[in-house]
Amino acid sequence: MGWLKFKADELFDGNGFLGESNVLITSADGTIEAIVPVSEAGEDVEYHPGILSPGLVNCHCHLELSHLKGLIPKNTGLVDFVIGVMQQRNFPEEVIYNAIAGAEDEMLGNGIVAVGDICNTPHTIPQKKHGRLHYHNFIEATGFVPAFAQKRFKQAVEVWKQFEENEKARKKREVSNLQSVVPHAPYSTSRELMRLISEYSAGKTITIHNQETREENSLFLTGESGFRKLFSLFNIDISFFRPSGKTSLQTWFTELGDAERIILVHNTFTSQEDVLFVNRQSSIVNSEAPPLQSQSKIRKLKSTSWCLCPNANLYIENSLPPVDMLRSNGCHIVLGTDSLASNDMLCILGEMKTLRSRFP
């Protein structure tokens with residue numbers, strides 16, 4: 001049958017460590033067939049030092065920004081970081097494509113097999129045609145001015161179509177990719193644009209950058225925020241804007257109720273009250289979370305995941321999310337690397353090591 005047999009110092013099955021006395025058996029194409037004791041495995045068992053584990057999932061990445069590695073200084077704060085990214089996106093396409101290919105090589109080398117990738121352009125399509133990794137392509141729509149909501153949404157859909165066409169054209173289907181249109185962040189996406197995205201994403205998985213900086217909450221609580229510097233620099237008139245008096249998350253969360261799943265990314269400045277708000281508004285809440293205080297507004301949303309990118313948070317804001325609080329509330333936590341513009345490496349194990357050292 002062409003079975004392949006693997007043994008390591010530790011065998012991790014996704015739930016726990018089984019030790020060195022077990023052997024992983026796969027078919028020739030890599031499909032997992034069984035885990036058996038060494039005594040039953042027979043001959044031709046390959047030994048590999050270290051931990052044998054299922055492939056890792058990078059739930060949040062910006063592959064198209066890989067060419068910005070090392071170009072934006074650390075600890076600038078998010079506002080200046082965003083300005084830096086916007087000012088340095090115009091590179092020769094050959095440089096961009098080569099950096100994308102190198103970044104994908106890095107993820108493969110670090111054991112990553114699936115990626116939630118943020119896309120503003122079609123630049124990553126040529127690399128993704130090779131089918132080396134599973135991708136969920138999150139096509140971002142951005143625009144804080146309500147009057148431009150339709151235009152910005154249409155632009156995002158046009159990019160989405162290019163990814164869809166690429167997926168249909170690929171002949172080898174061993175690796176399939178998914179596409180969703182998603183909002184960038186609360187400070188860059190109007191409520192009108194969010195509603196268009198929500199309708200378009202009914203039943204799909206979407207993602208959004210959430211509370212990555214204190215300035216985001218300040219914008220919605222009082223209107224006084226460092227983001228006004230960004231709007232001013234790019235001549236964006238936000239005289240229409242009125243703060244809600246609530247945190248960012250509590251202001252926009254109900255606008256995305258048509259999506260089946262949502263991944264909230266970063267959550268560096270998320271509070272206990274924010275988590276309770278999300279739990280109240282979601283139709284399915286992790287069983288370990290505190291009981292619902294009110295069921296008067298049950299959203300269509302079926303599940304919420306909290307994606308942490310600790311190394312990027314340290315790179316940009318020199319802060320970390322409230323991991324202990326999220327865990328104590330039973331939040332479903334997943335991990336991402338963010339981009340090479342905000343991280344020294346694309347390595348989920350590296351994110352785990354940072355969390356373990358800061359939250360032992």
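## Terms and model

A residue is buried when its relative accessible area is under 20%, exposed when it is over 50%, and partly exposed in between (1.4 Å probe, protein chains only). Helices (H or I, at least four residues) and strands (E, at least two) are DSSP runs, numbered from the N terminus.

This is a predicted model, in which local features need pLDDT of at least 70, side-chain atom pairs count only at pLDDT 80 or more, and totals for chains, interfaces and linings use all residues. Residues are numbered from 1 along each chain as its sequence is written, and side-chain values use heavy atoms, with hydrogens and water left out.

## Helix H3

Helix H3 covers residues 93–109, 17 residues in total. From first C-alpha to last it reaches 24 Å, close to the 24 Å expected at 1.5 Å a residue. That expected span is 1.5 Å times one less than the number of residues.

Which residues of H3 are buried? They are Ile96, Ala99, Ile100, Ala103, Glu104 and Met107. Seen down the axis, these buried residues fall within an arc of 140 degrees, so they line one face of H3. The arc is that of the directions from the helix axis to the C-beta atoms. The face turned away from the buried side carries exposed Glu94, Asn98 and Gly109.

The buried residues of H3 pack against strand S5 (56–61), strand S6 (112–119), helix H4 (125–128) and strand S7 (134–141). Contact here means heavy atoms within 4.5 Å. After H3 comes Gly111, with a positive phi near 80 degrees.

## Helix H13

Helix H13 spans residues 348–358, and its buried residues are Ile348, Gly350, Glu351, Thr354 and Leu355. They cover an arc of only 160 degrees around the axis, which puts them on the same side of H13. Lys353, Arg356 and Ser357 are exposed on the other side.

What covers the buried residues of H13? The cover includes S5, S6, helix H11 (310–316), helix H12 (323–328) and strand S12 (332–335).

## The largest pocket

A pocket is an open set of points on a 1 Å grid over the protein atoms alone, where a 1.4 Å probe fits, with protein on both sides within 12 Å along at least five of seven lines. Lining residues have an atom within 4 Å of a point. The largest pocket has a volume of about 930 Å³. Its lining has 37 residues, of which Met86, Asn120, Thr142, His184 and Ser188 lie nearest the centre. Helix H2 (78–87), S7, helix H5 (149–169) and helix H8 (227–233) each give two or more residues to the lining. H2 gives the largest share, five residues.

Thr142 sits in the loop between S7 and H5. Thr142 is partly exposed, at 27% relative accessibility. Not counting residues up to four places away in sequence, Thr142 touches Asn120, Arg152, His184, Ser188 and Leu193. The C-alpha atoms of Thr142 and Thr189 are separated by 5.3 Å, although the two residues are 47 residues apart along the chain.

## Two positive phi values

Most residues other than glycine have a negative phi. Asp44 has a positive phi, near 60 degrees. Asp44 lies in the loop between helix H1 (38–41) and strand S4 (45–52). Is Asp44 buried or exposed? Asp44 is exposed, with a relative accessible area of 71%.

His266 also has a positive phi, near 95 degrees. His266 belongs to strand S10 (residues 261–266). With a relative accessible area of 0%, His266 is buried.

Note on methods: Points joined across faces, edges and corners; volume = space filled by probe spheres on them.
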